[in-house]
Amino acid sequence: MATFLYRLGRLAFRRRWYVALVWAAVLAAVGLGAMKAPAAADEGFAMPGIESQKAFDLMEQRFPGASADGATARVVFVAPDGRKVTAAGNKRAVEKAVTELGDGTQVASAADPFETRAVSKDGTTAYATVTYKVEPQDLTDASRSHLEEALVGARDSGLTVEAGGTAMEDTGGPGGAAELIGVAIAAVVLLVTFGSLAAAGLPLLTAVIGVGISMATILTLASTFGLSATTGTLAMMLGLAVGIDYALFVVSRYREERAKGRTPEEATGLAVGTAGSAVVFAGLTVVIALAGLAVVGIPMLTKMGLAAAGAVVVGVLIALTFVPALLGFWPNAVLTRRARRSGRVAQNTQNTQNTENTENTKDNGGTRWARFVLRRPVPVLLLGVVGLGVLAVPVADLQLGMPGDEAKSTATTERRAYDALAEGFGPGFNGPLTFVVDAKGDSDAKGAVETISGKIGGTDGVVSVSPARFNEAGDTAVFSVVPSTAPTDQKTKDLVQTIRDERPGIESGTGATFEVTGTTAMNIDIAQKVQSALVPYLVVVVGLAIILLMVIFRSLLVPLKAALGFLLSVLASLGVVVLVFQQGHGAGIMGVEQTGPIMSLMPIFLVGIVFGLAMDYEVFLVSRMREAYVHGETPEQAVTSGFRHSARVVVAAALIMIAVFAGFIGESEPMIKMIGFGLATAVLFDAFVVRMAIVPAVLALLGHRAWWLPGWLDRLLPRVDVEGEALSRRPGTDRAPSDEADLEPART
């Protein structure tokens, strides 16, 4: 591996114009393809294998055209000072507003609340449902402005008017400000780390080009593979983060080799052969984690994972080819001004050995920290494990769900509309359950439906049952059930489970069957499916990664330690998310106004994304320790050497990741805020507590045993030269290494 990448790096250095032109051509080709490709149809969110999805599919089949995904707006009218909306003046104002709402060019209908009996029992609140002919993302600015103007006009009459529904959703999603903030902070971190504008700018440039190629490719293939607008969100986030990190590691190693007196071409080859090997395997672990999202069984999540995995692959290829090509164009620009002035950039190989010895013994912050941990491994290990363990305790109280308008800020009209409906019609009104009765083959379909709806209406926790609506064939009926508790309340989940458990008794004697669906039931089913898929996902991803790490490090205990440390950091970060977003501790600081259940996909996102990134740090840090150990250093010296060369770069990479993810905390959307906070804290814990403290403490306690591998397993696993042993045996400084087998020195 190291030999091949060494030659690839030198080839890219020498043929830099060809490499640059190839990447420019790829960017132009996919960019042109993205411009000409048709937009992908939004297939919506689907979750195969759950009851609510089956019921929804049955509705689509039996009520063709009735389940269109047109945007809707629910406009809520509240009379002032406890008055009634049914009063003459208020009623005229409501009817006038409904007429104005129905005049939009994209509006299909606007229901008058007085005709549809959408008025609360106390007469203080009413709502009108506005249905559009197009989906939410297809609403024009004119239609949105028309809706806002109608709301303002109704408020002028003295009524409190708020609106919710899919028509109010911001379909633009996160993207602009969050990424810009992350890139800006990353630029500062790179500048401080490298002390050179060129060295700081090169990783940013290559990462942006990589993200551009990835996003253009996703847009080009969107129609062919049914990729939605949200598919590329994860690819952009991770592509930017790992693209910067991978280039950072190659450039850092290049500067290190140049400081030893290597020629630019030789330093480039060595950088790609050593750091590039770590980049390849770190990228593989990320790809495994992302591709493993297919285990969960959610098509949208699978597409997001595969798209993000593709972005990571692009980042790896750019780090191995385009970065060395750019180093060929400006071989001295990425060095510090001090290094250029000192004359150490001269192509002088006579003093290389002496320079290497000086560099290998020079202390820095990494070595001082490593020696601190090596002197106190037990206290550091206990402090790290106990600290993360305490933070992980709230996970025991984890409640999964899909927060809706109730989690938004009270400054939004959607949240105020939610609160007004809950106050006027009861907390369960915002999350009705939809029942689909299949009476096909039953001679008395109406009687069967009445029997089922009557029994369900008598269940504890049910407030009301709407009249059943039949399809044209008369063999399928749909009715809504309003629970007494809020959509995210545990009692609502218990009600759904109770009805499903009592289904045989409810259906008995009717000859008909029913299923429960609707947004509330869908969220409950998704949470249960994600929880059940989490353990298989962990087994697959962590198992494959352990095997990969055993190949890299030729060790049994180091991969196990890496996996256990990752699990500890993920649990701690998830515990902090529960602490803030569910229990409300420090929620105000994060701008969270309403606590509630944790997003159902949050554990999967944390496990998948953070696992890949955690293994990045593991590979980059421990591979340098392995390299030093293979070259003859003691275990303690190897740990110190690894920190001497990698600690500053790993810290910079982690800070960049944290900056990219933390940029999303400022988003107004609660779920995006939660994802950004969770990922940022997970990287913080994993990089600074697990990799920088727990890892050296464990390696210090294990000593030589850390690099032990059973003989039978050593013979079974393929050999890859990640530590660059073949490169150290080459006969000349500027001569390519031989392809001889990578044999490790014997240990006594």
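Start by selecting Trp17, Phe329 and Trp330, which form one aromatic cluster. Rings of Phe, Tyr and Trp (its six-membered ring) pair if their centres lie within 6.5 Å; planes under 30 degrees apart count as stacked, over 60 as edge-to-face and the rest as tilted.

A quick note before moving on: this is a predicted model, where local features need pLDDT of at least 70, side-chain atom pairs count only at pLDDT 80 or more, and totals for chains, interfaces and linings use all residues. Residues are numbered from 1 along each chain as its sequence is written, and side-chain values use heavy atoms, leaving out hydrogens and water.

The structure holds 13 aromatic pairs. Zoom in on Phe329 and Trp330: their ring centres are 5.6 Å apart and the planes sit at 45°, so this pair is tilted. Is Trp330 buried or exposed? With 51% relative accessibility, Trp330 counts as exposed, while Phe329, at 23%, counts as partly exposed. (Buried means under 20% relative accessible area, exposed over 50%, partly exposed in between, with a 1.4 Å probe and protein chains only.)

Next, select Phe566 and Phe611, an edge-to-face pair with 4.6 Å centre to centre and 75° between the planes. Phe566 lies in helix α20 (residues 557-582) and Phe611 in helix α21 (residues 602-630), so the pair ties together parts 45 residues apart in sequence. Helices here are DSSP runs (H or I, at least four residues), numbered from the N terminus. Both Phe566 and Phe611 are buried.

Last stop: show α7 (residues 197-225) and α10 (residues 299-329), which pack at an angle of about 140° with their axes 9 Å apart.

How values were computed
Axes fitted to C-alpha atoms, helices over the stretch in contact; angles between N-to-C directions. Helix = DSSP H or I, 4+ residues; strand = E, 2+ residues; numbered from the N terminus.
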